[in-house]
Amino acid sequence: MHSPEVLLDDNDAVYDYYLRHQQNRWKALAAYAVLARRFRPRVSFAEGAKRQLTALVKSGRPVIFAINHLSTSDPYTVAATAWRSPLRAKIGRVRVLAKDELFLDPEQRRKVDMMGGIPVFRGKDHGIRAVNAAGQRMMDVCAQRLANGDHLAVFPEGTCNHVDPATVQAVGSGIGHIAFRAAKLGAPPALVALAMSYGPRPDPAIAPTAEEVVSAAFYFRAPVLELPQRPADIARLAKDELQHAVDGAVAHY
Ligand SMILES: CCCCCCCCCCCCCCCC(=O)OC[C@@H](O)COP(=O)(O)O
């Protein structure tokens with residue numbers, strides 16, 4: 001299928017494409033493995049979470065991962081963590097929401113596509129009214145992909161946290177709507193919060209250095225198997241779970 005340019009005005013064609021896009025799984029596995037060697041994250045789990053996550057992945061049930069966002073290095077360290085976790089079995093079948101700007105440069109787009117990116121047109125980039133229709137399609141596409149058995153990783157803060165790496169910032173309602181819509185399609189997803197810590201940094205507005213990003217601490221919460229009904233309640237739960245995960249990552253750094 002011809003891949004359309006990732007432009008807001010053409011978002012119908014864009015989401016038709018990302019409803020079905022499937023990267024080469026072997027290439028994805030190789031890339032995640034390379035990142036695991038380069039970044040060597042230290043991965044830990046809440047009590048029982050590793051066993052539960054392994055069982056969840058095996059069960060075939062769709063999973064939404066809520067991840068905190070500290071820097072533009074995060075996608076790489078998260079991918080490295082996926083390799084070093086029970087998620088390895090799902091590499092190539094995990095979609096990741098990524099801002100549309102990351103798809104503009106063809107070279108970068110090839111990488112983001114290969115890692116499983118799905119574009120998001122953010123209100124902060126295009127204006128909140130301009131992105132409404134595209135946002136609806138994006139959430140539908142995510143729900144349908146979950147219903148088809150993919151997992152979905154979301155940075156629900158929507159932007160890098162330059163305020164306080166130990167405190168989760170505001171979480172949008174999108175994650176709740178996606179879970180809600182997947183449940184409507186007969187595929188109620190589980191939720192797993194995953195958080196990173198790059199250690200104490202004097203100024204959170206200054207991105208961590210390449211060295212600081214190596215051997216980050218990552219922490220998995222146990223899966224939440226039953227989500228609330230309403231999107232807003234799901235989003236609130238995701239924020240609370242993510243804060244617990246951040247606490248775990250900070251404690252294990
Ligand atoms: C759980 C397993 C998930 C595997 C993760 C695989 C790696 C993903 C590949 C590429 C996708 C990139 C995602 C970036 C997310 C994103 O787009 O966040 C916005 C910020 O950056 C920048 O925000 P800002 O500072 O506000 O411009």
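Me: What places Ala130 in a loop?
Reply: Ala130 lies between two helices, α6 (123–126) and α7 (132–147). Helices (H or I, at least four residues) and strands (E, at least two) are DSSP runs, numbered from the N terminus. The model is predicted: local features need pLDDT of at least 70, side-chain atom pairs count only at pLDDT 80 or more, and totals for chains, interfaces and linings use all residues. Residues are numbered from 1 along each chain as its sequence is written, and side-chain values use heavy atoms, with hydrogens and water left out.

Me: Why is Ala130 called partly exposed?
Reply: Buried means under 20% relative accessible area, exposed means over 50%, and partly exposed is in between (1.4 Å probe, protein chains only). Ala130 has 45% relative accessibility, so it counts as partly exposed. Its C-alpha atom is separated by 12 Å from that of Asp10, 120 residues apart along the chain.

Me: Why does Ala183 count as partly exposed?
Reply: The relative accessibility of Ala183 is 37%, and therefore the residue counts as partly exposed. Ala183 belongs to helix α8 (residues 174–184).

Me: Why is Arg109 called buried?
Reply: Arg109 has a relative accessible area of 9%, so it is buried. Arg109 sits in helix α5 (residues 106–115).

Me: What makes the pair Arg109 and Tyr18 a polar contact?
Reply: A polar contact is a pair of N or O atoms within 3.5 Å; within protein, one must be able to donate a hydrogen and the other to accept it, and residues adjacent in sequence count only if both atoms are side-chain atoms. The side chains of Arg109 and Tyr18 are joined by such a contact at 2.9 Å.

Me: What is the phi of Ser215?
Reply: Ser215 is not a glycine either, and its phi is positive at about 55°. The loop that holds Ser215 runs between α9 (210–213) and β7 (217–220). Ser215 has 28% relative accessibility, so it counts as partly exposed.

Me: Which residues are closest to the ligand?
Reply: The closest are His69, Lys99, Arg122, Lys124 and Thr159, out of 18 residues that surround the ligand. A residue is counted if one of its heavy atoms lies within 4 Å. A ligand oxygen atom is 2.9 Å from a side-chain N or O atom of His69. For Lys99 the value is 2.6 Å, and for Arg122 it is 3.1 Å.

Me: How do you know how much of the ligand the protein buries?
Reply: Taken alone the ligand exposes 720 Å², and the protein buries 90% of that. Accessible areas come from the Shrake-Rupley method with a 1.4 Å probe; for residues, only the protein chains shown count as cover. The elements giving two or more residues to the shell are α4 (74–83) and β3 (94–99).

Me: What are the confidence scores of the model?
Reply: The model has ipTM 0.89 and pTM 0.97. The average pLDDT (the predictor's confidence in each residue, from 0 to 100) of the protein chain is 97, and 100% of the residues score at least 70.
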